[in-house]
Amino acid sequence: MPPLRHARLSLPVALDAMRAEVAALPVDWQPHFQVAHHDGGWTVLPLRALEGSANDAIPFALSGGPAVYRPTPWLAHCPAIARFLASLACPVLAARLLRLAPGAAIRPHRDAELAFERGEARLHVPIVSHPDVEFVIDGERVPMAAGTCWYINANLTHHVRNPGPGERIHLVVDCTVDDWLRARFAEGERTYATVRRDPDELRQMIALLRAMDAPAAKDLVAALESELARSSA
C-alpha cells in the first residue's frame, strides 16, 4: 500500500478559546528557520521545544544527543491549546504556532523522514484561516478549515499560499506514532500518496512499445510519456 498523503482526524478542538489565546499573545514571532522555503512571511512561536526554549524555532535536535521536549513559557498563556496537547494520548514532541502572512507563500519542499510510516506524525490544527488558503501536498489541495485536525505527510512535496486578505495560523504538533494514534488514523478520513514509477522504467517501456510499431502501442506510448513528464516535473 502507498504511504498516507493526509488524514483528517476526529479530535475535539476548542476553536474559539484557541483563537482568543492566540490573539492575546505578545508580538514575539520568529522567522521560520527554513529561509530557503518561504518568502519572508512565515513566522513561528514555539509552545513545546527542546528543553522548553522559547527562542528555539527549530523543532528537532541538530546533534545526535537525546531530544527532550518541554513546554515553553508561551504555553502558559494558552490553556486551551495546552488542554488539546494533553488530550493527545501519544508522545508529543514539538508544538508550534505557524503564521503565514497575507500574500506570503511557502515554496515546494519536503521534510525528510517525517511521515506516519516512519514513526512520526505531524498534525495541523488551523486556528485562523480562510477558504482561499492553498495547502497542496503531493499535488492535491487539502481543505483545512479552521477548527479541524489534519495529518499531513511532510515527507511528500508540499507548498502553501495565502493570497489574503487575512493571515493563516496553524497549531502544528509533531507526535510519535503509537497504538493510540494508529487507532485515531484508522477512524479518520484518509488519502494515499500517488505511486510514481521509476523514470528509467518508463523510458524502457516507451522504447519497447515504439519498437513494436503497432497502432495500439501508440496510445500507450502517449500515456506513458505523459506520466514520465509528470514524474519529471
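Guide: This structure holds 3 aromatic pairs. It is a predicted model, in which local features need pLDDT of at least 70, side-chain atom pairs count only at pLDDT 80 or more, and totals for chains, interfaces and linings use all residues. Residues are numbered from 1 along each chain as its sequence is written, and side-chain values use heavy atoms, with hydrogens and water left out.

Visitor: Why is the pair of phenylalanine 116 and tyrosine 151 called edge-to-face?

Guide: Rings of Phe, Tyr and Trp (its six-membered ring) pair if their centres lie within 6.5 Å; planes under 30 degrees apart count as stacked, over 60 as edge-to-face and the rest as tilted. Here the centres are 6.3 Å apart and the planes stand at 70 degrees, so the pair is edge-to-face.

Visitor: What makes tyrosine 151 and phenylalanine 185 an aromatic pair?

Guide: Their rings are 5.0 Å apart, centre to centre, and with 65 degrees between the planes this pair is edge-to-face. Phe116, Tyr151 and Phe185 form one aromatic cluster.

Visitor: How do you know whether tyrosine 151 is buried or exposed?

Guide: Buried means under 20% relative accessible area, exposed over 50%, partly exposed in between (1.4 Å probe, protein chains only). Tyrosine 151 has a relative accessible area of 0%, so it is buried. Phenylalanine 116, at 18%, is buried, and phenylalanine 185, at 2%, counts as buried.

Visitor: Why is the charged end of arginine 99 said to sit over the ring of tryptophan 29?

Guide: A charge sits over a ring if NZ of Lys or CZ of Arg is within 6 Å of the ring centre and within 35 degrees of the ring normal. The charged end of arginine 99 lies 4.3 Å from the ring centre of tryptophan 29 and sits over that ring.
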